[in-house]
Each structure stands twice: as structure tokens, then as C-alpha cells.
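Here is a report on one structure.

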Amino acid sequence: MARNTNRLEQASATATGANAEAVTHGRYSKRLIASYIIDWVLIIGIALIGFGFSRVSPSQRPFSLIDPSISFPHRDHDTVSVAVVAVVALIVPAVLIVLGALVLIRGPTAMAASQEDTTSTRTAARARRWRYKLWEWNAGWLGLGIALAGALMATEGLKDLFGKPRPDMLARCDPDLSKVNSFAVSGLGSRLDGAPTMVTWEICRNQARELTHDGFSSFPSGHSSFAFAGLTYISLWLCSKLSIGFPYLAPSPLSQDLQRQDRGAIRKQGAAPPVYLLIVVFVPIAVAFFIAASRWFDYRHHGFDIIFGSVMGIVFAWTGFRLYHLPVMRGAGWSWGARDRSHAFFRSVGFPSHVCADNWATANYTHTRVKNRDRGQDIDLESGRKAARD
């Protein structure tokens, strides 16, 4: 079983890196390279759209002057500024991906013990290893870009649409109480004692940008969504590259894989990673939680705004990770390879599936053909692309 596992890991590494090698070795056309350049242009474009949304004044939702949820004091400075969030959620993960690609990625040639040790072979292996490093770097940044750009655009777009007042709205507003009736838009306050009256933002003496723009940007929390998008992504990326996760077993005791094994030996096939590695990958998540919590005790967002923004960031992080990387416990740390040049821009009608090569990737996986005697094994289909059947 151990030998079968080693063969599968080598096949997975070879398959997932085959396209990466081809891209940098010139076997792919300019069409494929152009498709990835366009990917980057679109990611940057999505981020710019999000930035544009942030410059638009949101809807100004009417509010009540006796609403306790918007009666908190205003603090002049944020505990965590926008610049700090950008550094922590964007710059730091980007740098970690570069360092991880340079240090952790050895290339599948490191597992080929039977390879002849000659000068030409070592030179070729070194060049191949650098191609893997560069591809993992590119794939890591692509996923990070998708996570952060998507979270930014969605957050800023929703802020503009909802226009929800912040918890410190009245402190920003400084309302002119003598003109309540002039700016009332609904409510029974003028006819029933103690009933609320909804007024528009024009009642405020302070009509600067901090009111008309920032005062109505409570939902969702941008700090929370951006922090969780970048920091959840880098946690998943580190878990993948450092093989940090719960020990994996086949999902069912009735599976063929477990039936073939000695039940007493199963416990020796999985072990928990060192605790210091768990701390490494949980630190980004802890930082994201602190950033989100700071929006609560700074009176910048309501609780639901923070929760919604955090969940949205996590969803974008998971999406960016899974688009470009194999599952944490079943991919040996590799990202997916490049698209096939014939599928660089468009897939015609067919039946894409993870159980065969009919996908965005190339169908020529001669490297990963499994020998006939191993085809009866319970192969994890997500650990690498299987060879196209003859």
C-alpha cells in the first residue's frame, strides 16, 4: 500500500506540474499565455471596479433620531486603519506566497530517486524545478487576486446599494432638532407621542463627506470581508503547502480501500501535524478576527454587518483557493496545472468531469497512466488527473 501511495503521489505531482512546465518551456502557444494575461487584466479590472464603487456616495437610508443602534459615540481614528488592512491582507500574503514558492516547492524531480545523477540531468532538473516554482507562484497569486478583488467589488457595491447608517451615525450627523418636521419622510411621531419619525440626512448640520459617504457605509464591513478574504486564503495555502490537516481516511468503512487493509494498521497511516505548524496557520485567522472585532468596539459596524462581511470574505477565499489548488489533504500541496492551449479561452459543449481528462486541461496525460495491476485500487480521483483511457 505504501508503494502504491508513493506512485500516486509521483503521478499527481507529475500531472499537476506538466502543464506548468510546458507553459514556461515554450510548448504552449502565445494564445495560452495571452489567456492568463487576460486573467490578470480582469482581476485587476475587478479590483478597480471595487475601488470605483468606494468613491461613489451610497444611498442615504432614512433613520430615526431616537434609534439607539445608531446613537454610539464617534471615534476619530480606527484601531486598524485601511492601510494596515491592505498590508496585512494583501502584501503579507503575497510575500508569503513568493517565499513559499521559492522555499517549499522542490518539484517532482526530487522524488525521482532512479534518475541518473549527471551534470546535464542535474541542470535539467534544476531548470524544471524553477519552472514549478514560478507556476506555483503564479497560481498562488491568481487565487489571492480572485479572493481579494472579488471581496472588494462585492463589498463596495453592496455598501452603495444598501446605504445603511453606521452605529455612530447621530454623532456624525449633529441633527438640527428644530427642523424634524421639515425632513420627516415617514412615521407617526408628529401624531402619536413616543412614536418614531424617519428623517433624511439633510437634517444633519454636518453634511461633509464623513456623513454623506462614510456615515451610510455600514453594511457590509469592508475591513472584515477584505481581512478574511486575504488571511483565510493564505491559511488555506499554507495548510496545502505544509500538509496541515486532519489525518485522512477513506470516507466509508465499507470502501474497498479499507477492506484491503489490516484494521490494526490503519491508525499508523495518519498522524497529527506538529502544534507549532497549527499555530502558524491559525495566526492569520486570529488576525482576521481581531480586525473584524475592532469594527465592533470602534462603533463602525453593527454585528450583522461584521458577520456578513466575514462570511463573504471566507467564501471568496475558498473560491480563489479551490480554483487554482487541489484539496488540502488530497493534492500533495500542488496547484492545478495550466489550461490546455486548445481550451485557453473557450470550452465547447461536452461533459467536463474530474474522473477523466475532458476538462480545461490537456487530455495528453501519458505521464500518469496507471499500470493494469493498480487499476483495481481505490484511487483518490482528486489527488491528480487520471490518464485518458486508451
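A charge sits over a ring if NZ of Lys or CZ of Arg is within 6 Å of the ring centre and within 35 degrees of the ring normal. The charged end of Arg339 meets that rule over the ring of Tyr36, 4.0 Å from its centre. Lys133 has its charged end over the ring of Trp130, 5.8 Å from the centre.

This is a predicted model: local features need pLDDT of at least 70, side-chain atom pairs count only at pLDDT 80 or more, and totals for chains, interfaces and linings use all residues. Numbering runs from 1 along each chain as its sequence is written, and side-chain values use heavy atoms, with hydrogens and water left out.

**Aromatic pairs**

Rings of Phe, Tyr and Trp (its six-membered ring) pair if their centres lie within 6.5 Å; planes under 30 degrees apart count as stacked, over 60 as edge-to-face and the rest as tilted. The count comes to 12 aromatic pairs.

Helices (H or I, at least four residues) are DSSP runs, numbered from the N terminus. Phe219 lies in the loop between helix 7 and helix 8, and Phe308 in helix 11 (residues 303-324), 89 residues apart. Tyr233 is in helix 8 and Phe321 in helix 11, so this pair ties together parts 88 residues apart in sequence.

Burial uses relative accessible area (buried under 20%, exposed over 50%, partly exposed in between; 1.4 Å probe, protein chains only). Phe219 is buried at 7%, while Phe308 is partly exposed at 32%. Tyr233 is buried at 0%, and Phe321 is buried at 2%. Phe219 and Phe308 also belong to one aromatic cluster with Phe162 and Phe304.

Helix 4 has 44 residues. Its first and last C-alpha are 64 Å apart, close to the 64 Å expected at 1.5 Å a residue (1.5 Å times one less than the number of residues). Gly163 follows helix 4, with a positive phi near 55 degrees.

A pocket is an open set of points on a 1 Å grid where a 1.4 Å probe fits, with protein on both sides within 12 Å along at least five of seven lines; lining residues have an atom within 4 Å of a point. The second largest pocket holds about 1100 Å³, the space filled by probe spheres set on the points. Its lining has 43 residues, with Ser54, Val82, Leu152, Glu156 and Phe226 closest to the centre. Helix 4 gives the largest share of this lining, 11 residues.

Methods
Helix = DSSP H or I, 4+ residues; strand = E, 2+ residues; numbered from the N terminus.
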